[in-house]
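Work through these exercises with the model on screen. Try each task before reading its solution.

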Amino acid sequence: MTLQVNIVTAFATLLTAIILALVSFAYVKNAGSVLDLTERFVERVAVSGINSTVALLDPVATHVEASAKLAAVDEGRARDGSLFPYLMTLLDNTPQLQSIYFAFETDGLFLQAFPIPPGTAKFGANDNAPPAGAEYALRVVDHKGGGYSDVWTYVKRDGTVLGSETSNTLNYDHRTRGWYKEVVAKRGLIWTDLVVFTSNRQPGIAAAYPIITKDGRVIGATAANISTKQMSDFLAGLNLGKSGIGLIVDETNQLIAYPDSTKAVRQDGLALSLVKAQELKDARISDAFAAYRANPAKIVRFVSERRAFLASFSELPAEFGKKWLLGVIVLEDDFVGVLKENTRDIVVIGLLLMVMGMVGMTVLSRWISKPLASLTGEIRKIQKFDLEGPIAIYALVREVNEVIDSLNMMKRALRTFGKFVPRDLVRDLVASGRPIELGGHDRTLTVMFTDIADFTGLSERMEAGELLVHVSRHLDAIASCIGQEDGTVDKYIGDAVMAFWGAPNWCEDHALRACSAALRAKKIQLALNAEWAAHDLPTMFVRIGLHTANVIVGNIGSDQRMSYTAVGDGVNVASRLEGVNKLYGTQICVSKAVLTAAGESVLARPLDMVAVKGRVAGEMIYELMALRHGPTELLATAEELELCRATEAAFNAYAARQWDVAMANYTRLAELAPADKLPGIFIARCRHYMAEPPPTDWNGVHHMQSK
């Protein structure tokens, strides 16, 4: 039977039998359901609070452990301040950090980096206003020779020093502090109790990890501070009704975070002390804790000042080593008061409307079934990942409209999701119904890395907003070239792009497509530069590296967040080849593996036999010039053909140790292309080898010392 016939038949049959029971049962059931939904809401808020707290703390622990291991590997750089740029990068990428620091055992050396929030009026050792434009403060405490030195240096993001000050009043020695003794004794990650940071006299917590040398000695520790105000601000942002509240306490009921952060800590001059939950003199909080201690259930219901409340108490994960408790307290009537009144009214009105409903049920059932039938076709389109346009269906039934709205939201979400991962991958996942899982597989891909030359200089010449628009146009142009050749944009790394060909959908000519995309990117950037130059805007020079290799491609990350990407040595080589362009003054550097896979359709000239940084084995690299066969706009010119021929002749003589012949050929190449940087490099090498011939086992490999 059709849906319409089913609706009418069922309604007519059941109405008489259930109407009396429904009227008497509706109020109690609806009120209970609303309370149940409220309990679920409280549980979800508690889970969200735990997850948000973990998300705030977990990256800090990761950064602290990584920094400690870095200091253990290169103690000298950690001690002399060379790692301050690295610490500033961590502060940029982890906004919850108040500071991060290295602390050493032998001489009490202490190096700390702070971000300076815009508009800060007082900062540093002496509570003075920081220098104008200062973005970071770099602090070095030294106890060398039994003395005490505490120097604060204020710098910009690029490292420019704007001023400094000293303080001999704080007299800070981390070796006497409890956190340092604990992390040294534990030899692993610790989280401190609430402490007062000496640097800014604010309360907070810290994560610390020991610096352990290869021979097992603890030479110091790395730690990072987080102000509890950020957790308090999160609690203040929770929507818990008019009388709801959230708080975090430790095992002794001392407040770690509270919506009004000014009440979380008691201040007496410069001395700070914790406030216990019961000291807030808030009856609902005291009664909530009493109810929970009496019955430690997931959700507790209690009465405070003749009002009914719900409370949820959840412990933070055990791996943090702190028995912190997140409490969420809500007033029942904030959520169900109006609904209870509405439910009573609905029950009364429903008795009258249901009598009249039989008459209009036949017509209404058709109105219900028609949009549902149309929705079936729309769902089939979604299964095929056809997401263009909204679902233009309207129904008179609210639930059906909610389904339509939900499907429209799902289409928008899938369209958005498709901007972050390969569209073909999303289509396959939607069509198959399979869950997204971690995992990858071996596949031979061609990987591309692009980067803008002298981006730092460009960013200094433009305002932040203009720079964002400028770079976005460049990235959009690069992405369009990649998409035109069916490539997959893996990620944007600042001003750089990583892409690959051959996944998720395999293509035999992945190397040729990558070469075509690189050449298109070169041409489109020239067009953009011409446009920008006409409007007195800065131009860009894009460098590109291509490498073909067997890599791991798939969903990589964690259960909470994953990325469809490629990893492996081949990806690293592609990144290094992009950087090789800086040395040889080229724009598109490719490996021999790319030329082998692309075939005779590409035109490239030999550059050198190099071992990129991080590798021992040498590999022949080339500059991609044009295509021999393919789209007209990418075909080689006579000048490019001659340039490739001349370069090949010169390099062959160089590889054969014919220094004088190679010098002559590279000299002619310099005359042919005066702006070419390559001839000068090899002329200098030839002169060197003529004066000091290489050993007999010389294989021509040039070892790169930089990325």
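**Exercise 1: A helix and its cover**

The buried residues of H11 are Leu467, His470, Val471, His474, Leu475, Ala477, Ile478, Ala479, Cys481 and Ile482. Buried means under 20% relative accessible area, exposed means over 50%, and partly exposed lies in between (1.4 Å probe, protein chains only). Helices (H or I, at least four residues) and strands (E, at least two) are DSSP runs, numbered from the N terminus. This is a predicted model: local features need pLDDT of at least 70, side-chain atom pairs count only at pLDDT 80 or more, and totals for chains, interfaces and linings use all residues. Residues are numbered from 1 along each chain as its sequence is written, and side-chain values use heavy atoms, with hydrogens and water left out.

Task: find what covers the buried residues of H11, and check the span of H11.

Solution.
- Step 1. The cover includes strands S17 (439-452), S18 (488-493), S19 (496-501) and S20, plus helices H10 (455-461) and H12 (510-534).
- Step 2. The expected span of a helix is 1.5 Å times one less than its number of residues. For the 21 residues of H11 that gives 30 Å, and the end C-alpha atoms are 30 Å apart, so the two agree.
- Step 3. Just after H11, Asp486 has a positive phi of about 60°.

**Exercise 2: One histidine**

Task: is His470 buried or exposed, and which residues does His470 touch?

Solution.
- Step 1. Locate His470 in helix H11, residues 464-484.
- Step 2. His470 counts as buried because its relative accessibility is 4%.
- Step 3. Contact means heavy atoms within 4.5 Å. Setting aside residues up to four places away in sequence, His470 touches Leu458, Met462, Trp532, Leu537, Pro538 and Met540.

**Exercise 3: Cysteines**

Task: how many disulfides does a search of the whole structure find?

Solution.
- Step 1. Apply the cut-off: a pair of cysteine sulfur atoms within 2.5 Å.
- Step 2. The search finds zero disulfides.
- Step 3. Check burial. Cys481 is buried, at 2% relative accessibility. Cys686 is buried too, at 0%.

**Exercise 4: A loop glycine**

Task: where is Gly241, and which residues is Gly241 in contact with?

Solution.
- Step 1. Gly241 sits in the loop between helix H5 (228-236) and strand S10 (245-249).
- Step 2. With a relative accessible area of 35%, Gly241 is partly exposed.
- Step 3. Neighbours within four places in sequence aside, Gly241 contacts Asp334 and Phe335.
- Step 4. Gly241 and Asp334 are 93 residues apart in sequence, yet 5.5 Å apart in space, C-alpha to C-alpha.
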